[in-house]
Amino acid sequence: MVHVVILGGGFGAVYTAKRLQPYLKRHPEHTLTLIAKQPTFIFSPLLHEVAVGIIDPEVIQVGLHTLLSLSQIMYLFRSQ
Ligand SMILES: Cc1cc2nc3c(=O)[nH]c(=O)nc-3n(C[C@H](O)[C@H](O)[C@H](O)COP(=O)(O)OP(=O)(O)OC[C@H]3O[C@@H](n4cnc5c(N)ncnc54)[C@H](O)[C@@H]3O)c2cc1C
């Protein structure tokens, strides 16, 4: 059994977890833990549009649970 731990909930973390998802689906004995500061992924290339009020902050955020819907993933959210 392999236990993969990914630190962070940004681009690198999400792409890594997404690439591992098909493998984890085929191997349910393996698990993944994602440790992030917050439960959402923020699409940073649009942050400047939020800063100047063109779009709402909610538009560039999506829950990590929604992006990575796999029961083998455990989430730990740390504020520091
Ligand atoms: C305003 C802006 C616009 C950008 N536009 C573009 C663009 O147009 N095109 C492009 O290619 N790139 C763009 N970038 C750069 C792009 O966002 C970064 O290259 C990319 O986010 C890097 O991915 P990453 O996974 O390394 O880091 P991040 O996506 O920053 O993820 C790091 C994660 O680690 C978490 N973290 C940090 N410390 C801890 C801790 N101690 N414990 C737990 N979690 C922690 C953070 O909360 C975050 O979730 C932009 C960046 C910004 C800020």
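Trainee: Among contacts in the protein chain between residues at least 6 apart in sequence, what percentage join residues at least 24 apart?
Mentor: The figure is 66%. Keep in mind that the model is a predicted one.

Trainee: How many helices and strands does the protein chain have, and in what pattern?
Mentor: There are three helices and five strands. Along the sequence they follow the pattern β-α-β-β-α-β-α-β. The C-alpha atoms fill a box of roughly 50 × 25 × 15 Å along the principal axes.

Trainee: Why is Met 1 called exposed?
Mentor: Met 1 has 6 other C-beta atoms within 10 Å. A residue counts as exposed at 12 or fewer, so Met 1 is exposed. Met 1 lies in the segment before strand E1 (3-7).

Trainee: What does Met 1 touch, not counting residues up to four places away in sequence?
Mentor: Met 1 touches Glu 29 and His 30. The C-alpha atoms of Met 1 and Glu 29 are separated by 5.8 Å, although the two are 28 residues apart along the chain.

Trainee: What makes Val 2 count as exposed?
Mentor: Val 2 has 10 C-beta neighbours inside 10 Å. The limit for exposed is 12 or fewer, so Val 2 counts as exposed. Val 2 is also placed in the segment before E1. Val 2 and Thr 31 are 6.5 Å apart in space, C-alpha to C-alpha, and 29 residues apart in sequence.

Trainee: And why is Ala 17 called buried?
Mentor: Ala 17 has 20 other C-beta atoms within 10 Å. The cut-off for buried is 20 or more, so Ala 17 is buried. Buried residues make up 9% of the 80 residues in the protein chain.

Trainee: Where is Ala 17 found, and which residues is it in contact with beyond its neighbours within four places in sequence?
Mentor: Ala 17 is found in helix H1. Its contacts are Ile 6, Leu 32, Leu 34, Leu 68 and Ile 73.

Trainee: What makes H1 hardly covered?
Mentor: Among the 16 residues of H1, the count of buried residues is one.

Trainee: How do you know that the span of H1 agrees with its number of residues?
Mentor: At 1.5 Å a residue, the 16 residues of H1 should span 22 Å. The end C-alpha atoms of H1 are 24 Å apart, which agrees.

Trainee: Where in H1 does a kink lie?
Mentor: The kink, of about 35°, lies at Leu 20, shortly before the proline Pro 22.

Trainee: Which residues form the largest nonpolar core?
Mentor: The six residues are Ala 17, Leu 32, Leu 34, Phe 41, Leu 64 and Leu 68. In soluble globular proteins, nonpolar side chains tend to be buried together. Leaving aside neighbours within four places in sequence, Leu 34 has contacts including Ala 17, Leu 64 and Tyr 75.

Trainee: How many residues surround the ligand, and which are the closest?
Mentor: 15 residues surround the ligand, and the closest are Gly 8, Gly 10, Gly 12, Ser 44 and Pro 45. Helix H1 (11-26), strand E2 (31-36) and helix H2 (47-51) are the elements that give two or more residues to this shell. H1 gives the most, with three residues.

Trainee: How do the residues of that shell divide into nonpolar, polar and charged?
Mentor: Seven are nonpolar, six are polar and two are charged.

Methods
Residues numbered from 1 in each chain as written. Predicted model: local features only at pLDDT ≥ 70, side-chain atom pairs only at ≥ 80, totals over all residues. Near = placed C-beta within 6 Å. Nonpolar A, V, L, I, M, F, W, Y, C, P; charged D, E, K, R; others polar. Contact = placed C-beta atoms within 7 Å. Expected span 1.5 Å × (residues − 1). Bend = angle between axes of the 7 residues up to and from the residue. Core = buried A, V, L, I, M, F, W, Y, C linked by C-beta atoms within 7 Å.
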